[in-house]
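Here is a short walk through one protein model. Keep the sequence and the 3D view side by side as you read.

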Amino acid sequence: MDDPIGSHLIVKLETDDGLVGWGETPPTPTWGGAHMKYYGETARTANDMIEDYFASIVEGQSPLDIGPIHDEMDSVAKGHPYAKAAIDIALHDLAGKRVDEPVHDLLGGSYRDRIPVAHSLGIMDNDRAVAEAEQAVEEGVETIKVKAGLDAERDVDLIRRLRETLGPDIAIRVDANEGYELPSEAARITRQMEEYDIAYMEQPVDDTRQMAKVAENVEKPIMADEGAWTPQDILDLDRHDAAEIFSLYVTKPGGLHRAKEVGVVAEAVGMRCDIGGSIEMGVGNAANLHLGAAVPIAGMASVSPVNVRAEDYDDQVAGIYYEDDIVAESFTLEGPDVLVPEGPGLGVEVDEEKLEQYSIDQH
Ligand SMILES: [Mg+2]
């Protein structure tokens, strides 16, 4: 199986009575917490773990028994949350279809029916980044997320130019992806960016105690992403005063069921979150949106893709990261928001011809 970086694994589960559930996971080998606490996965490792360990657990079970299935998966294999998340999402899709309710209702009900989209600017030269941000704002988004952490001068200059170009009403957030070497350097850069009214600084350094040193020397909130995978991580961040906010994923804790648990713990210690991810296609993004609907503290703008099919793509940029998608219907940006799907299960159908067209291997 070819396994180029960036491959997403798609899981299809079927029940005896003919229901079909879909899951997606976007593993990355270089993605994990500080000090190798978590480690990378790939589409190939996720596929192997599912075939060798998890598929036999799911077989013959009711899709409604999601918690016990998680416990069984955890008992046969530690870690591998991205592989477990693909199974978990497909189970939720099946469970929702079984009871004819959307996934967010399985997760406790809906706190919101739309998620504000933060448009993410990848690492690119500053001229291009400013132009892309301008277009995204013209198309409706009210939050721009800036990937930084490479070069202090470049990063601060980009924030200054974005603020001058976009005006005072657009939220600008910064994600350093652990890119600054020292807490003192990260704090100095964050304070310079605060002059241009950034909303917060995300994961400026890797280690929790180092994050705390940044947090105590800046005004704006520090967000944890690479350091926030599990309920225990949330308690650790809180214990060290390392972050006030964090990025909740479906995948990092191992699926929707576990992500909901992270949300409960974070709410108990007074944290807030967005819904993050790794630019999922429509199946994984639908799961993200249902989680965002069902977690009360997840009201922040989120890097939720706007998944469009090639037939509907028209040079727009806001929330667009791919020029085609495997879902049967495109998602749309409504004002600054993407809507949470409403049908049973994930509320999206997979276009199996597109899935085959883009597959690099089939099982
Ligand atoms: Mg991040």
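A residue counts as buried when its relative accessible area is under 20%, and as exposed when that value is over 50%. Keep in mind that this is a predicted model.

Start with Asp-93. This residue is found in helix α3, which covers residues 81–99. Its relative accessibility is 0%, so Asp-93 counts as buried. What does Asp-93 touch, leaving out residues up to four places away in sequence? Its contacts are Val-20, Gly-21, Trp-22, Val-103, Pro-344, Gly-345 and Leu-346.

Now turn to the metal site. Which residues coordinate the magnesium ion? They are Asp-175 (OD), Glu-202 (OE) and Asp-225 (OD), at 2.0 to 2.3 Å. Along the chain, these donors follow the spacing D-x26-E-x22-D. The pair Glu-202 and Asp-225 links distant parts of the chain, 23 residues apart. Glu-202 sits in strand β7 (residues 201–202). Asp-225 sits in the loop between β8 (222–224) and α9 (231–239). Are Glu-202 and Asp-225 buried or exposed? Both Glu-202 and Asp-225 are buried.

Next comes Gly-33. Look for it in the loop between β2 (20–25) and α1 (43–58). The relative accessible area of Gly-33 is 14%, so this glycine is buried. Leaving out residues up to four places away in sequence, Gly-33 touches Tyr-38, Glu-226 and Trp-229.

Finish with a sheet. Strands of a sheet pair through backbone hydrogen bonds, either parallel or antiparallel. Here, three strands form an open sheet in the order β3-β12-β11, and the pairing is antiparallel. β3 (114–116) and β11 (333–334) stand at the edges. Each has a single partner strand, so one side of each is left without a neighbour in the sheet. How many bridges join β11 to β12? Two bridges join β11 to β12 (residues 337–339), and these strands run antiparallel. Within β12, Asp-337 is the bridge partner of Glu-334.

Definitions and conventions:
Residues numbered from 1 in each chain as written. Predicted model: local features only at pLDDT ≥ 70, side-chain atom pairs only at ≥ 80, totals over all residues. Heavy atoms only, no water. Donors = N, O, S within 2.8 Å, 3.2 Å for Na, K, Ca; no water. Helix = DSSP H or I, 4+ residues; strand = E, 2+ residues; numbered from the N terminus. Buried < 20%, exposed > 50% of the residue type's maximum accessible area, 1.4 Å probe, protein only. Pairing = 2+ DSSP bridges. Contact = heavy atoms within 4.5 Å.
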